[in-house]
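Have the structure open as you read.

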Amino acid sequence: MTAFVAELVGTALLIIFGGGVCAGVNLKKSFAQNSGWIVITMGWGLAVAVAAYAVGQFSGAHLNPALTLALAFNGDFPWADVPKYIAAQMLGAMVGAVIVYLHYLPHWKETDDPGAKLGVFATSPAVPNYFANLISEIIGTFVLVLGILAIGANKFADGLNPFIVGFLIVAIGLSLGGTTGYAINPARDLGPRIVHFLLPIPGKGSSNWSYAWVPVVGPILGGSFGGLFYKAVFLGKMTAEFWYVLIAIIVVLALTFISQGKTSNSYNKAKNAFM
């Protein structure tokens, strides 16, 4: 199996299990309906573990563009292979989303809530606020990458690492995931969101494209900085990229804050004009 195929298959498995648990909890007439956030976080944790076990020997089981970029910034992965890995991850996420759609085929008509249907495929914020939502995704993915690198530095019994990483995903979901649904992976959110847009899902509503940039930009910035932070602080190898990415985070957050303020002011003025 080539690394490209491994990342495609692994990311598809990730979405089959992860998107599948969201479907089971969200869609009507599923036996798992309303089983709650803990079930979802456990499902995603096990999804990562199983996918990593399946393809780790072939590609390292990145399964996440944010992790691939972090490892490249860290010097642990060749930049020349980054486009290939990200393309495979995106395709795999889309394949996985289609499989989830087919598996739950009768349940889409039974479910009235468009938001519940979108939640099977992509994340949405509990409180819409681009600035705060972006911070959440940056922090979540920073912790993800930092945790993966820290876990990798420890010695476990053979084959135990993916299982421990799965528990890291559960921990992030339980502690930090309640704000945005913790995408912490651009492919995990964008690939299935595209599938949601394309598939003939009854009453599916909007794919919420106005928010779609947050679970892409946030994880890329947070993950990249997580890798560089580990290298600088844990390994004592400070690089110029550390400061470049940190400045990029500050600039993007500042622009988001300013843009959000302007949008809010424009909305308030328009609202007052009609009152």
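Start at Thr111, which sits in the loop joining α5 (107-110) to α6; helices here are DSSP runs of H or I with at least four residues, numbered from the N terminus. Thr111 counts as buried because its relative accessibility is 3%, where buried means under 20% relative accessible area with a 1.4 Å probe and protein chains only. Neighbours within four places in sequence aside, Thr111 is in contact with Asn26, Leu27, Lys28, Ala116 and Lys117, contact meaning heavy atoms within 4.5 Å.

A word on the source: this is a predicted model, in which local features need pLDDT of at least 70 and side-chain atom pairs count only at pLDDT 80 or more, while totals for chains, interfaces and linings use all residues. Residues are numbered from 1 along each chain as its sequence is written, and side-chain values use heavy atoms, with hydrogens and water left out.

Now turn to α4 (residues 82-103) and α9 (residues 186-198), whose axes come within 8 Å and cross at roughly 50°; axes are lines fitted to C-alpha atoms over the stretch in contact, with angles from 0 to 180 degrees between N-to-C directions. The two helices α4 and α9 are therefore oblique, the class left after under 35 degrees (roughly parallel), over 145 (roughly antiparallel) and 65 to 115 (roughly perpendicular).

Finally, the largest nonpolar core has 38 residues, and Leu14, Trp44, Trp108, Val120, Phe121 and Ile169 touch the most other members. Such a core joins buried Ala, Val, Leu, Ile, Met, Phe, Trp, Tyr and Cys residues through side-chain atoms within 4.5 Å. Apart from it lies another core of 26 residues, among them Ala3, Ala70, Leu221 and Ala232.

Key
Buried means under 20% relative accessible area, exposed over 50%, partly exposed in between (1.4 Å probe, protein chains only).
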